[in-house]
Each structure stands twice: as C-alpha cells, then as structure tokens.
Amino acid sequence: MIAIVDYGAGNVASVHKALAHLGQDSILTADPAILRSAERLLFPGQGHFGQAMARLRETGLDRVLLGIIERGTPFVGICLGLQLLFEASDEAPGVPGLGVLRGRCMAFAAPRKVPQIGWNSVRVVRPGSPMDTVAAGEHFYFVHTYHAVAAEPQDVVAVADYDGDFTAAVQKDNVFAAQFHPEKSGRAGLALLRACVGGLPC
Amino acid sequence: MLTRRVIPCLDIQAGRVVKGVNFLGLRDAGDPVELAERYDAEGADELTFLDIRASDQGRDILLDLVTRVSQRLFIPFTVGGGLRSVEDMRAVLLAGADKVSLGTAAVRDPQLIARAANQFGNQCIVVSLDVRRIAGRFELTSHGGREPTGIDAVAFASQVAALGAGELLVNDMDADGTERGFGHELNRKIADAVRIPIIASGGAGKVADFADAVIEGHVDAVLAASVFHYRKMTIAEVKEDMARRGVPVRPTYVAS
C-alpha cells in the first residue's frame, strides 16, 4: 500500500487523485502506524518551509519519517517535500529540516522572477533514479521560489535551467524527490509517477 | 529552460461553458471537463476557469465542476470569478483547483491578497487586473471594466506583488474583444515593474499575437478564450509560431 503523508501542507490531495487515475490505491494519512506499515511513502506539499517543519515536529512526524527512511522504505518527496529533506532553508533561517540530504535551500536571485512558475525542461545528470525513464528534454511543471543546493553533488540526479542550473530531482539510497510537480505535469508527469510507484527503485 | 505558457480560458456559468465552442468529436460541447481534456491533449500549459456570473447558487455547481476536472486533468488549473473571502478560496482549492484568481474583491480590499497568501502560499494567488487607458494613463477598473477606480494600474500591480500575489493576470480592457493583439505597452510597463510572472489577456486575434506579447510585452504567459473556442487557431499553431520566433515553449503532443 502507498501512503501519502498528510501533514497539513497544501496540494496533497492532487497526488492522491493522480495515483487513483493510474489505478494505484493510496491513503492520505498522518497515522504513524499506517505510515510505518506502508510499502512506499509519498511526501508532497506546498507552502512554507518553517510552518511545515513546525507541524512535522509538533506531531512527531519528523521522527516517524526519519525512522521509515532509515529502514529503507521507498520514499518519494515532491516540491516542498524535496526541500524539507535538506538541512535548512533560507525561507526559515534557524529552522532545521529533516537533514536526510546535506545542503540547504536558497531563493532564486534577482532578476529572476519568483515564484518560478511554468514548464521547464529537465536534464538527467546521473543515472539510478526514476528520472532514467524520462525522455531527453521532457518538460515538467515547476512552482517554487526556493531551490535546493546539495552539499553532496552525487545526490542530484536531474537539473533544470532557470538562468543557471538548479536541482530538479535528487536520489539517495531509498529516497527520491522532485522539485517539480509530476501530478501536474500531464502525461510526462503521470509516466514518472508510475515509475516512482511501480517497482522501479525509488 | 523555462518556457512561456499558453493558457486557454473557459467562461463558465452554472457549471457549463457559455461561449460557443466548435471542437469536432465532442459529445457535449458545453461540458467544461470534456473541453478541458481536449485542450490538455492539444498542449495547453494550464487552464483557467472563470465563473462569469458567480452567484451563491452557482457556487456549489462550480465546486462540483472543479472536483470533476481535478480527477481527470493533470495540468494546473486556476479558478476565478466572484471569490470574495479566504473561505471562498479555501472551498475552491479543497475541491481541487491549484490556484485562485481574485479580481474586484482584491481591488476593494487589497489586504485580502495578504490574508490569502498567508493561508495558501503566494503560488496559489493570481490577481486579475482589468485595465483601461484613461486620459493617457493606465487605470484600474472594476466590475468587468465598467467602473473606473482612479487607481494607477502599474502602482497597484507593485502593491499587489508586495502583498503576496504569485502572479498577475493583466486584462487589457481596451484590447479585449478587438482581436487586434495584446496591449504591449501596458503589459511591458507592469512586467518590468514587478518580479512576479505576468499573464497577458485580452486582444488575441491572430497566431502572431501570442509571440508578440512575449517579445514586445515581456509577459511570461498568454491567455485567450474565443480564438481557441471558435477554432480560429489551435494551441499547436500558436506554439509553433512562438518556437519559430525564438520564444521557448513546451512542445505540443499530437492531438488525440
């Protein structure tokens, strides 16, 4: 069973609907027991890094998620769900992230418009993730003001160009995460979601 | 590279598309869900639904429509029309919309933008500006362009961006319906004044108008309704012209 972590962040229901469209049952839950028993976890989200981390800490979900990741359960982060995996974000100075990945999130500098909103083409820079299934030059839908700067370059599996390359997807062991929204990226996004939940290593 | 977006807009009334639509092969040309899927297949980068006769009775029908669209369409979609409060917006977002578009309500009470952005994040909030050239300057209007407000449109755009709008939809009410092209001067002034994306609306009449809006008007996205509904052109034709003229676009799929 696939569990979608429901921690009060926006946009979790759209991932549930996209999975349903693919014929995959999933459950939206914050129940630690259900999360621990899931075969696969999806961790979506939109919103503020500081508010999301506060919510995860209040509910104890931060430790629950870290335990699940530690055990090797396939884990897929989306958008804010990618950023929260890092150690910190300039969006909320002083607030520690989950720290599964080393590095921090920074805002796109002027004169680039923020949020970056729209479809950007993604380039795979390292094999070994669901991004391997994506056709060269495929476009995905991004909506974000902050982007992750990984301290371990090998964690970055795909980049996109917004007046300079930025992190589009990461993979470390059983954890895969995308900065873009596969659930809002049309056919390309649905195909990637299928790869994420359909047996390929995530 | 970030591409420029082409966004068809569907005018909705009581859950139905109200402008005539001429797609071949549709079972029901007034069904927004079926039309939305068709535009998706043709390469629309997003969709906008505008409830043009927003009323309390119509609201439940609209929410039902939003739910049905979100179950079958996996590109971003924005819903606007008559949203007056954070509660109105929450209902539409919970039903499955990705963004809300605020118009007159934001003109009347700009702090509504701040409250909404605080609740849902900037990325959810599109503010729609209806603008006319009055006595040589660009002035904000309300009630579908009928009422002047005395507010300078470019200054208001900056204020709205500072309050937390994630995007601006700029409706050139002088160009709207003329099919003589987008209002480049207005768009450029606003696009160059703020650091959030701008969507141009109003005036599309020929294929070249869309690339012109990006090149001349510096906009990030272009929105149109009737030229797509009446099949005067397809999204693919628009994107081919944009690509040919050096404007980055997401390629369209072959329409099914």
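B:R115 is partly exposed, because 15 other C-beta atoms lie within 10 Å. The scale behind this word calls a residue buried if 20 or more other C-beta atoms lie within 10 Å of its own, exposed if 12 or fewer, and partly exposed in between, with C-beta atoms placed from the backbone. B:R115 belongs to helix α5 (residues 111-120) of chain B. Helices (H or I, at least four residues) and strands (E, at least two) are DSSP runs, numbered from the N terminus. B:S85 is 30 residues away from B:R115 along the chain, and their C-alpha atoms are 9.2 Å apart.

This is a predicted model, in which local features need pLDDT of at least 70, side-chain atom pairs count only at pLDDT 80 or more, and totals for chains, interfaces and linings use all residues. Residues are numbered from 1 along each chain as its sequence is written, while chains are lettered from A and ligands numbered from 1 in the order in which they are written.

In chain A, strand β12 (residues 175-178) is covered on both faces. A:V175 and A:A177 are buried on one side, and A:F176 and A:A178 are buried on the other. In a regular strand, side chains alternate between the two faces of the sheet. Two strands pair if DSSP finds at least two bridges between them. The partners of β12(A) include β4 (residues 75-78), in the parallel sense over 4 bridges, and β11 (residues 165-172), in the antiparallel sense over 4 bridges. A:I78 stands opposite A:A178, and A:K172 stands opposite A:V175. The hairpin of β11(A) and β12(A) has 2 residues between the strands, and A:D173 there takes a positive phi near 50°.

| Residue | Phi | Loop |
|---|---|---|
| B:E179 | about 60° | between β9 (167-172) and α7 (184-193) of chain B |

A:D163 is exposed, because 12 other C-beta atoms lie within 10 Å. B:E179 counts as partly exposed, with 15 C-beta neighbours inside 10 Å.

The loop between β6 (103-107) and β7 (116-124) of chain A holds A:P111. The peptide bond from A:A110 to A:P111 is cis, with omega near 5°. A:P115 lies in the loop between β6 and β7 of chain A, and a cis peptide bond with omega about -5° joins A:V114 to A:P115.

Between the chains, 25 residues of chain B are in contact with 30 residues of chain A, contact meaning that the C-beta atoms, placed from the backbone, lie within 7 Å.

Notes:
Contact = placed C-beta atoms within 7 Å.
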